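Thanks for passing this one along. Could you have a look at the model below, and then read through my notes beside it?

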Amino acid sequence: MHIVLQLIPKKYLIGGTLILLGLSGLLVMSTIVAITGEFEKDSQQSDVTEIEGGGIGVGTANVSPQVMKYQPLLEKYAQKHGLDASYVPIMMALMMQESGGRGNDPMQSSESKCGRVGCIQNPEASIDQGVKHFKDVLAKAKYDLKLCLQSYNFGPGFINYAMKNGGKYTPELAISFSQQQYQKVKHTGNYHCVRPEMIPYGACYGDAVRP
């Protein structure tokens with residue numbers, strides 16, 4: 001085989017290689033298109049809406065009708081707090097993660113306001129505080145969006161923890177932080193694993209699987 005390759009002029013070898021690479025690229029693109037088509041079909045059949053991350057380029061997320069109805073309020077309070085409107089879709093995805101848009105505190109922002117769960121009992125007040133909290137955490141996270149999203153749930157203490165352990169978000173850091181914090185508060189009986197898969201890890205403080 002080596003002898004045969006030596007007999008073939010290099011320009012033909014290069015040309016043949018480029019053709020093979022081109023065909024491989026087309027195959028990969030066809031596969032991606034097919035998979036994307038299936039996802040779009042599934043989305044159309046569900047009762048959720050796909051939103052895009054606007055100008056900050058963070059992808060898409062499916063949100064419920066309950067979350068979609070709060071989009072105008074999120075836009076209103078983003079403007080009030082001086083937060084760029086491109087973050088509104090991110091906050092919609094965040095609300096979907098926190099509550100699915102249900103309840104009187106859809107942004108789950110009570111703890112950031114008064115240090116305890118349940119002090120906010122009005123969706124608009126929840127969104128007002130939630131947007132303010134999101135902006136504050138985003139700035140403290142130096143606009144690292146993954147770190148911001150996890151810290152919105154854990155509290156800004158996770159930012160300090162991440163900065164001391166590599167300087168950025170990782171799933172492993174989220175789990176270890178959750179484990180440490182849970183050991184401090186589990187005696188209260190107010191905390192439980194929101195995700196069953198976190199029970200074996202003892203990572204039952206907040207939601208350790210987010211970005």
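The numbered points below go from the overall fold to the core, the aromatic rings and the pocket.

1. A word on the basis. This is a predicted model, with local features needing pLDDT of at least 70 and side-chain atom pairs counting only at pLDDT 80 or more, while totals for chains, interfaces and linings use all residues. Residues are numbered from 1 along each chain as its sequence is written, and side-chain values use heavy atoms, with hydrogens and water left out.

2. Overall fold. The chain has 10 helices and two strands, taken as DSSP runs numbered from the N terminus (helices H or I, at least four residues; strands E, at least two). Their order along the sequence is α-α-β-β-α-α-α-α-α-α-α-α. Of the 211 residues, 35% are buried (under 20% relative accessible area, with exposed over 50% and partly exposed in between; 1.4 Å probe, protein chains only). Among contacts (heavy atoms within 4.5 Å) with a separation of 6 or more, 46% join residues 24 or more positions apart.

3. Nonpolar core. The largest such core holds 44 residues; a core here is a set of buried Ala, Val, Leu, Ile, Met, Phe, Trp, Tyr and Cys residues joined through side-chain atoms within 4.5 Å. Leu 74, Leu 83, Met 91, Ile 127, Phe 134 and Phe 158 touch the most other members. Two or more residues each come from helix H4 (71–80), H5, helix H7 (123–140), H8, helix H9 (157–164) and helix H10 (171–185). Beyond its neighbours within four places in sequence, Ile 127 contacts Tyr 70, Leu 73, Leu 74, Tyr 77, Met 95 and Met 107.

4. H5 is largely enclosed by the rest of the structure, because eight of its 11 residues are buried. They include Met 91, Met 95 and Glu 98. Just after H5, Gly 100 has a positive phi of about 70°. H8 is mostly covered too, with eight of its 10 residues buried, among them Cys 148, Gln 150 and Phe 154. The cover over these H8 residues includes H5, H7, H9 and H10.

5. Aromatic pairs. The whole structure contains eight of them (ring centres of Phe, Tyr and Trp, the latter by its six-membered ring, within 6.5 Å; planes under 30 degrees apart are stacked, over 60 edge-to-face, the rest tilted). Phe 154 and Phe 158 are edge-to-face, because their centres are 5.3 Å apart and their planes lie at 70°. Phe 177 and Tyr 205 also pair edge-to-face, at 6.3 Å centre to centre and 70° between the planes. Phe 177 sits in helix H10 and Tyr 205 in the segment after H10, so this pair ties together parts 28 residues apart in sequence.

6. Aromatic cluster. Which residues form one aromatic cluster? They are Phe 154, Phe 158, Tyr 161, Phe 177 and Tyr 205. Phe 154 is buried at 5% relative accessible area, Phe 158 at 0%, Phe 177 at 6% and Tyr 205 at 15%.

7. Largest pocket. About 740 Å³ of space lies here. Of its 28 lining residues, Gln 108, Glu 111, Val 117, Asn 153 and Gly 206 are closest to the centre. On a 1 Å grid over the protein atoms alone, a pocket is an open set of points where a 1.4 Å probe fits, with protein on both sides within 12 Å along at least five of seven lines; lining residues have an atom within 4 Å of a point. Helix H5 (88–98), helix H6 (110–114) and helix H8 (145–154) each supply at least two lining residues.

Notes: Points joined across faces, edges and corners; volume = space filled by probe spheres on them.
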